[in-house]
Amino acid sequence: MKRFENFVHAILESKSKKTLVILLTILALLGSVAMIPLKIVKAKMLPGKSDNTYSVYVTTPTGSSIEQTYKVSKCVVEQLKKEPQILNMEIYAGMGIPLDYAGLVKGSGMKNSENVAEIAVNLTDKHEREETSYMMVHRLRPVVKKACEGLVPGTTIQFVEQPAGPPTLASIVVEVTGHNLKRDRKLAVEVANILSKTPKVVDVDIMMDDIYKKYDLIPDKEKIARSGLTVDQVNKIIYLAFEGMAVAHKNSANEPDQIQIFEVLDPKTKLFPNKSKEALMTKLNELNLMNRKGMMVPVSEVVQVKEVDSKPSIMQKDLHRMINVTAEADEESQVYPLLEARQKMIDYFSKKGWKVEKEPGMSTYMFDLHLTDPKTGEKFLLRWDGEMKVTLDTFRDLGGAFIGALILIFLLLVIYYKNYSLPTIILIGSFLSIIGVIVGHWVADLVTRDTFFLTATSLIGFIALMGISSRNSLLLIDFAKSLMEAKGMPKRRAIAVSSATRAKPIMLTAIAIILGSALLASDPIFGGLGVALISGTVAAVFVSLIFVPVLLDNSKGMDLDDDNPLHHDPSDISITR
């Protein structure tokens with residue numbers, strides 16, 4: 001204890017040593033903060049979460065048959081069967097799996113067409129395997145895509161993990177908004193192409209239906225009446241031939257309602273050799289209806305076949321038409337590929353003659369891009385949503401809470417000490433715990449050999465450290481002032497004695513926090529909170545015991561009042577310790 005007291009006192013007595021402490025602290029702060037833009041420590045909303053299940057979405061081009069979709073899904077299953085950690089799988093063709101958390105936020109519950117399928121993949125327990133689910137997805141994604149996407153040109157295969165936290169449609173979402181649907185669709189394709197060429201961006205998909213040629217069967221009411229048939233007869237035979245229909249009912253003692261008897265023709269009879277109008281007419285020629293006179297009338301004689309464009313679904317948000325372009329960040333925070341893709345979009349659209357404007361001001365929409373066609377004056381908006389928007393909202397709210405806490409602490413301390421210098425020193429010392437928080441995440445990167453992201457929970461830990469660090473500085477100041485006022489001890493010696501005396505309780509508090517936070521450090525979600533508390537506490541101890549005393553020595557707020565008699569004649573006071 002005496003050695004540490006002399007060590008601190010020696011620093012305070014030497015101007016060069018005090019300057020060195022201040023410079024080293026500033027360098028440590030700048031170096032740690034620089035780790036974020038240099039990507040030595042990376043920021044992300046929440047890290048990946050290892051789970052016991054994940055899903056595979058299969059989307060074939062709009063208008064594809066259920067057989068084509070199932071063919072691709074079967075290929076995916078065959079590839080995944082090679083993995084010993086996969087227990088079982090199930091294909092849901094034409095629909096999503098029974099609703100789970102991922103399906104709820106990513107919209108798989110709305111899947112209901114022949115060109116979609118979802119494969120539920122169940123794994124061995126995460127505690128019994130070394131490879132995490134998200135690392136398995138990272139490894140298998142390119143293998144499965146290469147083997148299966150080419151079976152039906154235009155197919156998209158997406159690997160969907162259970163979200164670790166925020167309920168977002170995808171990690172990266174670009175909302176293309178405008179009043180010209182045709183140009184909206186074109187812009188969405190261009191945005192998707194840019195995202196596809198951006199490193200670390202995978203599973204790029206455009207949430208819009210393809211426009212394709214289809215044939216409408218229109219009953220000719222005049223011909224139907226002349227043939228002695230009814231429109232209802234024609235509709236029923238067409239439904240029966242292509243979809244199936246209820247033809248009767250069955251009563252059961254075990255059921256309160258009647259049970260429908262649904263008749264469906266052999267699937268082979270519903271297949272066409274090609275997508276031509278002639279193939280459809282051949283099928284209609286095979287269907288015959290008996291009229292009132294007992295004569296057989298071919299359906300092709302009373303039905304008109306008209307080739308038309310399909311009508312795509314239209315999505316809206318805030319009464320504006322919108323097309324979502326979604327993507328996932330592959331083992332990367334969405335921040336870095338998003339910024340890279342955004343710059344590529346600015347360069348791309350600028351070269352094409354568009355007027356590109358960034359969102360003015362600072363807000364959670366600050367990455368949005370406004371496009372204006374100089375020829376027509378049409379305006380379009382590329383709005384970034386998804387996990388990035390949630391991240392900005394969260395860090396904005398936490399940052400606001402942090403600033404609010406600083407202001408309240410500062411005001412209370414100003415009232416308590418009746419000056420501004422000591423509260424400023426306390427807040428500076430508290431803020432410097434950020435050095436330990438950032439460096440701790442860098443060390444965690446090295447130890448785990450995996451990217452340990454600076455997450456929202458890390459920021460929560462940093463805010464929590466403000467109170468702990470402030471308490472350490474308060475102990476030093478109050479004890480040093482009491483030594484100076486009660487015993488007439490010189491300021492530098494009082495500060496040194498205070499640092500040495502309070503070092504033990506400060507360190508015991510730090511050890512308790514470190515041991516209590518050790519359990520959190522290994523948690524996939526709250527690991528950032530644990531590391532922030534552990535490493536930030538270590539930094540707070542060094543700052544409180546070495547850097548804060550240097551600031552206190554240079555502060556006039558530590559000087560005694562002129563009316564204190566001990567201040568005028570300290571030689572008459574005997575000091576005992």
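Colleague: Is lysine 213 buried or exposed?

Modeller: Lysine 213 counts as exposed, because its relative accessibility is 54%. Please bear in mind that this is a predicted model.

Colleague: Which residue forms a salt bridge with lysine 213?

Modeller: Its partner is aspartate 309, and the closest N and O atoms are 2.8 Å apart. The pair links distant parts of the chain, with aspartate 309 in strand S12 (residues 303-309) and lysine 213 in strand S7 (residues 213-219), 96 residues apart. Aspartate 309 is partly exposed, at a relative accessible area of 41%.

Colleague: How many salt bridges does the count come to?

Modeller: The count comes to 26 salt bridges. One of them joins arginine 141 to aspartate 203, with 3.2 Å between the closest N and O atoms. That pair also links distant parts of the chain: arginine 141 lies in helix H5 and aspartate 203 in strand S6 (residues 201-207), 62 residues apart.

Colleague: Are arginine 141 and aspartate 203 buried or exposed?

Modeller: Arginine 141 counts as buried because its relative accessibility is 5%, and aspartate 203, at 4%, counts as buried as well. Both residues belong to a network of salt bridges that also includes Lys145, Glu149 and Asp330.

Colleague: And where do glutamate 222 and arginine 226 lie?

Modeller: Both are in helix H7 (residues 221-226), four residues apart, which is about one turn of the helix. Glutamate 222 is partly exposed at 47%, whereas arginine 226 counts as exposed at 67% relative accessibility.

Colleague: Changing topic, in what order do the four strands of the open sheet come?

Modeller: The order is S2-S3-S1-S4, with antiparallel pairing. Strand S2 (86-93) and strand S4 (156-161) are the edge strands, each pairing on one side only. On average, neighbouring strands are turned by 20 degrees against each other, direction ignored.

Colleague: How many bridges join S1 to S4?

Modeller: Six bridges join strand S1 (residues 53-59) to S4. Tyrosine 57 stands opposite glutamine 158 in S4.

Colleague: What packs on the sheet?

Modeller: Helix H5 (residues 133-148) does, touching S1, S3 and S4, and its direction makes about 170 degrees with that of S4. Helix H3 (residues 66-80) lies across S1, S2, S3 and S4, running at about 175 degrees to S2.

Colleague: Lastly, which residues make the nonpolar surface patch?

Modeller: Leu38, Ile40, Trp442, Val443, Leu446 and Val447 make this patch of about 570 Å². Leucine 446 is in helix H13 (residues 433-448) and counts as exposed at 53% relative accessibility.

Note on methods
Residues numbered from 1 in each chain as written. Predicted model: local features only at pLDDT ≥ 70, side-chain atom pairs only at ≥ 80, totals over all residues. Heavy atoms only, no water. Patch = residues over 30% accessible without salt bridge, like charges linked within 9 Å, V, L, I, M, F, W, Y side chains within 5 Å. Areas by Shrake-Rupley, 256 points an atom, 1.4 Å probe, with all protein chains shown as cover. Salt bridge = Lys/Arg side-chain N within 4 Å of Asp/Glu carboxyl O. Helix = DSSP H or I, 4+ residues; strand = E, 2+ residues; numbered from the N terminus. Buried < 20%, exposed > 50% of the residue type's maximum accessible area, 1.4 Å probe, protein only. Pairing = 2+ DSSP bridges. Axes fitted to C-alpha atoms, helices over the stretch in contact; angles between N-to-C directions. Contact = heavy atoms within 4.5 Å.
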